[in-house]
Amino acid sequence: MSIAGNKFEMKKSIAIALNLAVFAGSLLIYSLTLSHSLSFTDSGELAAAASTLGVAHPSGYPLYAIIGYIWTLLPLPMMNVVKLNLLSALFISSANVMLHNVIVTIFKWQSQQRTSKGKSEGISGDGTMHFYLAAAFLALSFGFSAIVWE
């Protein structure tokens with residue numbers, strides 16, 4: 001295998017490792033701070049809609065209600081409200097990973113644009129490790145921001 005192939009495999013393994021770290025880290029924090037009851041605003045209405053396969057207020061959030069209903073059928077040793085809060089933690093942890101990948105893609109695109117215009121290649125060579133770490137930091141910052149956390 002060539003050096004370029006090894007570099008590609010290293011980038012791929014870094015990406016996978018940081019995706020797993022972002023997902024597991026955010027899910028761990030969310031799980032440790034999970035509400036074990038209803039909280040303020042729409043959580044009670046959405047929990048009732050998901051538990052009974054009903055309709056919440058308009059727009060009704062039908063996809064959440066259907067997935068939540070299926071999730072509440074899992075034989076987990078907890079109340080449906082806690083199951084749904086855990087489902088929401090899984091969703092936002094997945095969103096953090098997706099945001100991480102989008103940010104890495106933007107960083108790489110920006111670096112390629114700079115390189116094609118004859119400017120420096122970015123942060124320390126191709127900046128691969130910096131791209132992934134900065135993207136992980138930004139994704140976790142979003143995931144633990146006040147607007148998401150509440």
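Which residues of helix α3 are buried?

What we have here is a predicted model, where local features need pLDDT of at least 70 and side-chain atom pairs count only at pLDDT 80 or more, while totals for chains, interfaces and linings use all residues. Residues are numbered from 1 along each chain as its sequence is written, and side-chain values use heavy atoms, with hydrogens and water left out.

The protein has six helices and zero strands, where helices (H or I, at least four residues) and strands (E, at least two) are DSSP runs numbered from the N terminus. Of its 150 residues, 28% are buried; buried means under 20% relative accessible area, exposed over 50%, and partly exposed in between, with a 1.4 Å probe and protein chains only.

Now back to α3, residues 62-72. Its buried residues are A65, G68, W71 and T72. Looking down the axis of α3, these buried residues fall within an arc of 130°, so they line one face of the helix. That arc is taken from the directions from the helix axis to the C-beta atoms. On the other side of α3, you will find P62, L63 and I70 exposed.

W71 also takes us inside. It belongs to the largest nonpolar core, which has 12 residues, including L27, Y30, A47 and L84. A nonpolar core is a set of buried Ala, Val, Leu, Ile, Met, Phe, Trp, Tyr and Cys residues joined through side-chain atoms within 4.5 Å. Helices α1 (3-32), α2 (43-52) and α4 (80-116) each supply at least two residues of this core, and α4 gives the most, with six. Apart from this core lies another one, of 10 residues, among them A15, L18, Y132 and A136.

Let's stay with L84 for a moment. Leaving aside neighbours within four places in sequence, L84 is in contact (heavy atoms within 4.5 Å) with A47, A50, S51, Y64, G68, W71 and T72.

The protein exposes about 9500 Å², and carbon and sulfur atoms supply 71% of that; the areas come from the Shrake-Rupley method with a 1.4 Å probe, and for residues only the protein chains shown count as cover. Please find F144, in the loop between α5 (128-143) and α6 (146-149). F144 is partly exposed, with a relative accessible area of 32%.
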